[in-house]
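Try each task before reading its solution.

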Amino acid sequence: MKKFLCFICLVCVLSSAFMVPIFAETDGNDSTSNEQKLDINAKSAILMEVNTGKILYEDNIDEVLPPASITKVMSLLLVMEALERGDFTLQTVVTASEHACSMGGSQIWLEPNESMTVDDLLKAAVIVSANDATVALGELVAGSEEGFVSLMNERAAELGMTNTKFINCTGLDAEGHLTTAHDVAVMSRELIKHDLIKNYTTVWMDSLRNGESELVNTNRLVRFYNGITGLKTGTTANSGYCLSATAERDGLELVAVVMCADTTDHRFEGAKKLLEFGFANFSFTEINADIEKNFSVDVINGVKEKLSVKPDGSFGILLKKSDKSEITQKTVLDKNITAPIKKGDVVGRVKVYSANEQIGEIPLKADENVGKLTFFVVLSRVFKGLFVS
């Protein structure tokens, strides 16, 4: 009789647990304007941070100008994307067409029906800006240069390059073949995200045809500048001297574009000034949630009272080095976290602040399943407790 009375009392107490209490939320209290004018001898210039796309310095960045061989940034981007899709491989052999071999300007003097691998054609297009090699790659991707140029313009539109129009894939002067420093930075940022391209853009010297054709990079920053990763030079009578230069130091990756400089020295000097300005004044920091390893939260009406929770990833932030404000975090849980809960459900977030301004957040997700505590689950537990010896 005594056991039976205890059983009734336990059922009454546990039944009252299904009344849902109210918990308080555990909360507490794009372009960077130029701060200095850089002396850059060019019609336009821009400095952009690669991860965020934030503009760190700008000067006349939307003037429409001829881009010369910086055009090949888009050509190379399409080739990288085709490689990643598996449309072909670096060892795919390409036979040069008469059209590809007819290109003037910088070239490796391809002969009609001469065969080269995609790898070798990329070396030529990137290192010495070979127009014939670039057209051969374009024909591989799209079947013809015209079809390839159409894809280039479609991709430009997808990237928001609203002031760009490609007429060819090489950058040879052509009426209406125009872009802006801003648009060049956008496509350069997209290209440099493909690590494979750095296998070519960071090479100072190489060769083709069993050493018979020597290649020396047109981007002399590759040889001298600390942290350089690329990217592309361009020079024609109409465009003057252009350069898209990318570099990375201590996790901060930058793209500097100089358009229509009057000398080759000025384009390299201008790009270096932009990059040095960026590395001197900004840093890129990866933020992880500052919570204990075995973090858990209360669960209402769950078969478990506690739910294991873990942060979902991290994020990077771009900060001025002059900003001395500490990065602070606040853990904010959802109100009334109630079972059932599935692993992966978002149950809160870690808000990240700099100078009292929220700069990002990291979701907090359930790290396990927690079933709902039903009356029958309670009864089964009670019976199990009663009859355990």
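**Getting oriented**

The protein has 11 helices and 16 strands, where helices (H or I, at least four residues) and strands (E, at least two) are DSSP runs numbered from the N terminus. This is a predicted model, in which local features need pLDDT of at least 70, side-chain atom pairs count only at pLDDT 80 or more, and totals for chains, interfaces and linings use all residues. Residues are numbered from 1 along each chain as its sequence is written, and side-chain values use heavy atoms, with hydrogens and water left out.

**Exercise 1.** Check whether the span of helix α7 (residues 181-192) agrees with 1.5 Å a residue.

*Solution.* Start with the rule: the expected span is 1.5 Å times one less than the number of residues. For the 12 residues of α7 that gives 16 Å. Next, take the end C-alpha atoms: they are 16 Å apart, so the two values agree.

**Exercise 2.** Find how many residues of α7 are buried.

*Solution.* Apply the cut-off first: buried means under 20% relative accessible area, with a 1.4 Å probe and protein chains only. In α7, 11 of the 12 residues pass, among them Asp183, Arg189 and Glu190. Helix α4 (residues 118-127) can be treated likewise: nine of its 10 residues are buried, including Asp119 and Lys123.

Terms used:
Buried means under 20% relative accessible area, exposed over 50%, partly exposed in between (1.4 Å probe, protein chains only).
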